[in-house]
Amino acid sequence: PWHPVKDSNGAETEANGRRKAREALGRLWAYSRPDKVPLSGAFIFLTLAVICEMFIPYYTGKVIDILGSKYREAEFYVVVSLMALYSMASSLSAGCRGGLFLLSLARLTRRLRVLLFNTVVRQEIGFFESTKTGEITSRLAADTALMSRSIAINVNVFLRSLVKVVGIYCFMLNLSWQLTVLTLIDPPVTALIQEIYNRYYEGVVKDVQDSIARSSHLAGETVHAIRTVRSFATEQEEVEQYNARLLETHWLKIRRDVIRALYLLVRRVTQVAIQIIMLYYGQHLIRTGQMSSGNLVSFIMYQTESGDYIRTLVYMYGDMLHSMGAAEKVFLYLDRKPEVPTEGVLKPQSLKGHVQFKNVSFSYPSHLDVPVLKSVSFELRPGKVTALVGPSGGGKTTCISLLERFYEPQKGEILLDGRPLRDYDHKYFHTKISLVGQEPVLFARSVTENISFGLQDCSAEDVLRAAQEAYADPFIQQMEKKYMTDVGEAGGTLAGGQKQRIAIARALVRRPQLLILDEASSSLDIESEHKIQETLCKMQGLTVLVVAHRLKTVENADKIIVIEDGRVVEEGDHRQLMDKEGMYHRLVQRLFTQNGDLE
Ligand code: ADP
Ligand code: MG
């Protein structure tokens with residue numbers, strides 16, 4: 001992770017960080033281009049506001065001179081009216097500036113989020129295995145906000161301070177060049193103090209953030225795994241751990257605040273010291289008639305302000321670098337190219353559903369050294385039912401994941417109707433191939449929305465028919481709001497078998513050419529499974545790949561493929577394999593009987 005300021009090993013890293021920050025700023029600027037009208041407007045108002053504001057100290061000094069010398073009433077009223085006018089103009093412009101900047105900020109944030117989400121959902125499945133969900137959502141929520149804030153707010157304040165400092169120095173030179181030269185000692189001192197402060201503060205702020213993230217991660221994890229926590233009765237330990245993390249955050253925050261307090265103290269002391277020197281010298285200038293007392297008052301007002309703005313400039317620079325860290329993380333995601341590209345274009349009118357695995361070898365990206373499939377070859381013939389069986393962990397689900405293109409095999413290839421899977425159009429491919437996974441995932445939406453998921457032109461009749469085919473209609477009809485019932489987060493309000501039936505309906509509604517059922521009937525009762533099988537038998541021309549435990553499901557398959565330890569060990573129909581008295585025979589004897597699923 002890139003962090004320029006905290007890194008202590010020299011100027012090299014820091015220079016690198018600054019270069020990257022400049023690059024990031026450039027990109028952000030490019031992303032803000034659609035907002036160039038409000039941004040230019042904001043800049044114009046910013047300059048206006050600053051210029052108007054700058055006259056105030058000048059006129060304040062004037063008022064003092066007028067009051068001090070012989071009474072010049074008319075002039076007094078003119079000056080005071082001018083002051084009022086400038087103040088008003090300045091406040092108005094400042095308001096417009098702020099509004100326009102905030103508008104651009106909101107628009108930029110939304111644009112970035114959509115862009116980012118669009119890239120994220122297209123990443124390969126392996127990416128989601130190696131990336132925490134929390135990390136992705138915090139990129140979307142926190143980092144994008146931080147990053148647009150940096151362009152809209154920091155750039156805003158940065159520009160304002162820059163314009164202001166330049167203007168102030170013009171006024172100061174005009175009032176007294178000697179005093180101006182004297183004040184030139186201030187900026188380097190201020191900048192130095194600020195720089196030292198930034199270094200420490202940045203680091204500790206980061207630690208605080210990390211620590212907060214750790215505690216919320218812990219809390220999230222506990223809530224997520226509440227069933228496990230409950231069944232191990234570890235509630236108390238979880239609470240204690242959470243408390244420990246919060247305490248850690250607490251102490252880090254105290255450290256942060258002490259650093260800040262020390263900084264404020266040093267800053268204040270230097271400020272006062274410089275002002276005393278200036279008063280002393282200014283008094284000398286007034287005595288020798290080189291300056292009026294009003295001018296000295298104006299000058300001191302400018303000088304105080306200039307100090308504030310210089311500090312802001314330096315601070316902003318550090319803060320911008322910091323926000324660029326967030327930007328950098330967002331860019332990493334934005335630039336990420338999915339390792340399984342989805343750019344095929346093939347969309348044939350008709351598909352037979354003929355699948356061939358040819359010497360497919362595969363390891364999961366997270367464990368590249370563990371071969372999971374070892375030169376697997378088999379074929380799903382069009383319109384036939386093929387069953388994958390074998391001991392748990394043998395690689396059945398992995399075969400299905402490859403067929404779904406969740407991963408790309410390292411060796412060998414998978415063909416659909418003679419063409420590599422990657423040649424097919426992504427949307428087309430997944431309409432033709434329907435998967436009912438091992439653990440069906442439903443969305444916190446209505447039953448209808450879950451079944452018609454991802455289909456635009458799906459009528460209520462289509463949904464009803466699919467639900468009937470999946471034998472889900474009977475229990476849906478019994479629910480209070482029927483098809484409009486919300487299934488709750490991840491389908492939490494439904495039983496396992498009900499979820500599976502909805503998932504099967506979701507697969508069937510798109511009239512696939514190839515249906516994949518990965519232990520889809522594992523939580524189904526015998527009756528539902530039987531009904532569903534009847535439907536599947538009626539579907540002419542549908543190619544089915546089924547992974548099942550129950551003998552009954554497997555027995556009727558046209559072909560059975562036995563996979564063990566990443567290899568195809570046997571192939572044939574039930575009779576042939578039983579006669580062979582090999583692995584399948586043993587499985588039937590042992591596994592199926594053990595599960596009590598043998599009829
Ligand atoms: P089956 O479905 O036949 O029970 P799987 O295909 O799920 O078996 O698993 C095959 C092997 O791959 C197992 O050893 C399992 O631990 C491993 N595996 C499964 N999924 C992943 C994953 N996402 N990342 C890494 N290894 C995995
Ligand atoms: Mg499995």
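1. After helix 9 comes Gly289, which has a positive phi near 70 degrees. The model is a predicted one, and the remarks below should be read accordingly.

2. Helix 7 (residues 186-224) may be examined in like manner. The buried residues in helix 7 include Asp186, Thr190 and Gln194, together with Tyr197, Asn198 and Tyr201.

3. Leu182 belongs to helix 6 (residues 177-183). Is Leu182 buried or partly exposed? Leu182 has 16 C-beta neighbours inside 10 Å and therefore counts as partly exposed; a buried residue would need 20 or more. When residues up to four places away in sequence are not counted, Leu182 touches Met278 and Tyr281. The C-alpha atoms of Leu182 and Tyr281 are 9.1 Å apart, although 99 residues separate the two in sequence.

4. Strand 7 (residues 514-518) deserves attention for its surroundings. Five of its five residues are buried, so strand 7 is largely enclosed by the rest of the structure. The burial applies to both faces: one side carries Leu514, Ile516 and Asp518, the other Leu515 and Leu517, and all of these are buried.

5. The pairing of strand 7 is as follows. Strand 6 (residues 433-436) runs parallel to strand 7 and is joined to it by four bridges. In this pairing, Val436 has Leu517 of strand 7 as its bridge partner. Strand 7 is also joined, by five bridges, to strand 8 (residues 543-547), again in a parallel arrangement. Here Leu515 is partnered by Val544 in strand 8.

6. Strand 9 (residues 559-564) and strand 10 (residues 567-572) run antiparallel and are joined by five bridges. Ile563 stands opposite Val568 of strand 10. Two residues lie between the strands of this hairpin, in which Asp565 adopts a positive phi near 50 degrees.

7. The largest nonpolar core comprises 64 residues, of which Ala387, Ala470, Ala505, Ile516, Val546 and Ile560 touch the most other members. Helix 16 (residues 496-508) supplies the largest share of this core, six residues. Another core, of 38 residues, lies apart from it; Leu46, Leu179, Tyr309 and Met324 are among its members.

8. Which residues does Ile560 contact beyond its neighbours within four places in sequence? The contacts of Ile560 are Ala387, Val389, Val554, Gly572, Asp573, His574, Leu577 and Tyr584. One of these, Ala387, is also listed with Ile560 among the core residues that touch the most other members.

Definitions and conventions
Residues numbered from 1 in each chain as written. Chains lettered and ligands numbered in written order. Predicted model: local features only at pLDDT ≥ 70, side-chain atom pairs only at ≥ 80, totals over all residues. Pairing = 2+ DSSP bridges. Buried ≥ 20, exposed ≤ 12 C-beta atoms within 10 Å, placed from the backbone. Core = buried A, V, L, I, M, F, W, Y, C linked by C-beta atoms within 7 Å. Contact = placed C-beta atoms within 7 Å.
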